[in-house]
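Here is a short briefing on one chain. Please look over the sequence and the fold before reading on.

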Amino acid sequence: MACHDCMGQVDLEKMKETDIREADINALADILEIKIDCDLSSTEKKREFIRQIKNPYLYRQGEYVVKLSFADTDATLTDRLKEYIEHMAAAGL
């Protein structure tokens, strides 16, 4: 992979730190408009997604702005959902 094709760690960090309140909604890619060729390899699909979405941490889904972030933890989404459901059940909700 040539350097101009890859996203550097510095680029990813800058994307991660983008403030959602300062984002221009019209400049963000809409995830609903992204089309990926199913015949591409897994690596090529990832590259194509990044190319189209521009910033994987901040994009649109229709009229909504989506900001992704990840906690520095070993807990999985399944673990967190299980905790949430148990908490809701204990609270009688």
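Lys 54 sits in the loop between α2 (42–53) and β1 (58–61). Lys 54 is not a glycine, yet its phi is positive, about 70°. Helices (H or I, at least four residues) and strands (E, at least two) are DSSP runs, numbered from the N terminus.

This is a predicted model: local features need pLDDT of at least 70, side-chain atom pairs count only at pLDDT 80 or more, and totals for chains, interfaces and linings use all residues. Residues are numbered from 1 along each chain as its sequence is written, and side-chain values use heavy atoms, with hydrogens and water left out.

**Overall fold**
- The chain has three helices and two strands.
- Their order from the N terminus is α-α-β-β-α.

**Hairpin**
- β1 pairs with β2 (residues 64–67) in the antiparallel sense, over four bridges; pairing requires at least two DSSP bridges between the strands.
- Two residues lie between these strands, and Gly 62 in the hairpin has a positive phi near 65°.
- Tyr 59 stands opposite Val 66 in β2.

- Leaving out residues up to four places away in sequence, Tyr 59 touches Leu 28, Ala 29, Ile 31, Ile 53, Tyr 64, Val 65, Val 66 and Leu 68; contact means heavy atoms within 4.5 Å.
- Among contacts between residues at least 6 apart in sequence, 55% join residues at least 24 apart.
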